[in-house]
Amino acid sequence: MRIAIALLAVLPGLAAKSTPWVYSTDDTVPEDTIRITTLGSGTPDVRRHQVASSFLIEIGNGDKFLFDMGSGSYQNLLATGQYAIDKVFLSHLHSDHHADLASLYVNAMFGRKVPLEIWGPSSEKPELGLAASIEGLRQFLAWDTFARRRVDMIGRKDKGDTVIAHEFDYKIEKQVIYSRDGVNITATPVEHYTTGGPSALRVDWNSLSFVYSGDTHPTRTLNELAEGTDMLIQQIMGPLPAFDTLSFESQYLLNTSHFTPAQAGEIFNLTKPRLAVIHHATVNDASREALVSDVRDKYPKGGLVINEDLAVYDISKEGVRHRKRIVPERSWGFWHAESNWNSLEAGQQQFAALYK
Ligand SMILES: *[C@@H]1O[C@H](CO)[C@@H](O)[C@H](O)[C@H]1NC(C)=O
Ligand SMILES: *[C@@H]1O[C@H](CO)[C@@H](O)[C@H](O)[C@H]1NC(C)=O
Ligand SMILES: *[C@@H]1O[C@H](CO)[C@@H](O)[C@H](O)[C@H]1NC(C)=O
Ligand SMILES: [Zn+2]
């Protein structure tokens, strides 16, 4: 109980709406809200406190999605207690945005009773597109899924162990790639690594929206997608030394593939979201100030947050509320909850008991 009391004391605003327990049932998303939990805010250089890009999207109508599933992010998904996610949207096919799909596909099937559906872009050649990538994933895990069907899947008639790829044409601007139950997800091409495919994504529901830039250099198409949105999650590379002191390679990378913090300030100033979020930065106490001051040069006022793992954003008509999701350091995955205790409820009680 000591842990719970300490947390509630530090985060009084959180106490009313959520608890520190991973299986908590009173931590549901309000009906009028889009909740975004950052599962990974970092770069391919995964760190214990900053894994690669991933977001859990929970909509007030009960829908749940993942945006990207970068290296290391699966552990943070499990820590949130969300096992039954079956829809994933990929901004592009860099490993820091999709490498943990392997874990989600096979390990999360214990909570998932329907196929895992994955949306992602095509590319310049068929073998570079989403469908080929998912076919490769299936092959990568062929022994795993075959073996599981003989043991873990015995008696199960559901499709939790299958995966479906929805490849969309990467060239089409502002394309609605998903439209169900009042939720639209729109993709638009952006500029990253000079090879076609990278896309930005936008969610619209209940007159609320947010945009996730994916990884990109500044581009008209992103400006247009982000017009009038409530929240813009903008990827940047940084913090950076002065541009003219950078090597040719670093300059070329920035020129073709990434936003600088100052360029992020420019798109925030242009699109004026209710909350601007800097994402994909390597955040240390020492770098925070430099990042903010570079963005603020171009975006002097307006809400600004540097994204970190397990940051939560609740978007509603009242505004965007920024908090931190409380999860256990040693969460139990669905595998343990189910196989050790036979029921989720028993698992919850056992889990809570550990923290008494
Ligand atoms: C979703 O997209 C369709 C077009 O594909 C449009 O008719 C509809 O108004 C959109 N709904 C939302 C909530 O944006
Ligand atoms: C990057 O862009 C800047 C500004 O347009 C230009 O001065 C510089 O030469 C470019 N460098 C590379 C390596 O592309
Ligand atoms: C923000 O954008 C406006 C144009 O809409 C421009 O006049 C202004 O200089 C920009 N602010 C900064 C700090 O760059
Ligand atoms: Zn990336």
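Predicted model: local features only at pLDDT ≥ 70, side-chain atom pairs only at ≥ 80, totals over all residues.
## Ligand surroundings

Around ligand 2 the residues are Phe-248, Gln-251, Tyr-252 and Asn-255. The shell of ligand 2 has two nonpolar and two polar residues, and no charged ones.

## The seven-stranded sheet

Seven strands form an open sheet with mixed pairing, in the order E7-E8-E9-E10-E11-E12-E13. At its edges are strand E7, covering 175-180, and strand E13, covering 303-306, each of which pairs on one side only. With direction ignored, neighbouring strands of this sheet are turned by 15° against each other on average. As background, the strands of a sheet pair through backbone hydrogen bonds, in either a parallel or an antiparallel way.

One pairing within the sheet is that of strand E10 (residues 208-212) with strand E11 (residues 231-235), which is parallel and extends over three bridges. In this pairing, Phe-210 has Met-231 of E11 as its bridge partner. Helix H10, made of residues 261-271, packs on the sheet and touches E11 and strand E12 (275-279). The direction of H10 makes about 160° with that of E11. Helix H11, made of residues 285-296, also packs on the sheet, where its contacts are with E12 and E13. Here the angle between the directions of H11 and E13 is about 145°.

## Packing of H10 and H11

Two packed helices are described by the angle between their axes and by the distance between those axes. For H10 and H11, the axes come within 7 Å and cross at roughly 45°. Angles under 35 degrees count as roughly parallel and 65 to 115 as roughly perpendicular. H10 and H11 are therefore oblique to each other. Their crossing is right-handed.

On the H10 side, the contact involves Pro-261, Ala-262, Ala-264 and Gly-265. These meet Leu-291, Asp-294, Val-295 and Arg-296 of H11. Sorted by class, the residues of this contact are five nonpolar, one polar and two charged.

## The eight-stranded sheet

A further open sheet has eight strands in the order E6-E5-E4-E3-E2-E1-E14-E15, and its pairing is mixed. Strand E6 (163-168) and E15 are the edge strands, each pairing on one side only. Neighbouring strands of this sheet are turned by 20° against each other on average, again with direction ignored.

Strand E14 (residues 311-316) and strand E15 (residues 319-324) run antiparallel and are joined by six bridges. Within this pair, Ile-315 stands opposite Val-320 of E15.

Elsewhere in the order, strand E4 (residues 87-89) runs parallel to strand E5 (residues 116-121), with three bridges joining them. Phe-89 has Trp-119 in E5 as its bridge partner. Helix H6, which spans residues 130-140, lies across E5 and E6 and runs at about 160° to E6.

## Backbone details

Most residues other than glycine have a negative phi, and most peptide bonds are trans. Two places in the model can be set beside this background. Gly-238 and Pro-239 are joined by a cis peptide bond, with omega about 0°. Pro-239 is located in the loop between E11 and helix H9 (248-257).

Asp-68 has a positive phi of about 65°, although it is not a glycine. Asp-68 belongs to strand E3, which consists of residues 64-69. E3 is one of the strands of the eight-stranded sheet.

Methods: Residues numbered from 1 in each chain as written. Chains lettered and ligands numbered in written order. Pairing = 2+ DSSP bridges. Helix = DSSP H or I, 4+ residues; strand = E, 2+ residues; numbered from the N terminus. Axes fitted to C-alpha atoms, helices over the stretch in contact; angles between N-to-C directions. Contact = placed C-beta atoms within 7 Å. Parallel < 35°, antiparallel > 145°, perpendicular 65-115°, else oblique. Left-handed = near helix turned anticlockwise from the far one by under 90°. Nonpolar A, V, L, I, M, F, W, Y, C, P; charged D, E, K, R; others polar. Near = placed C-beta within 6 Å.
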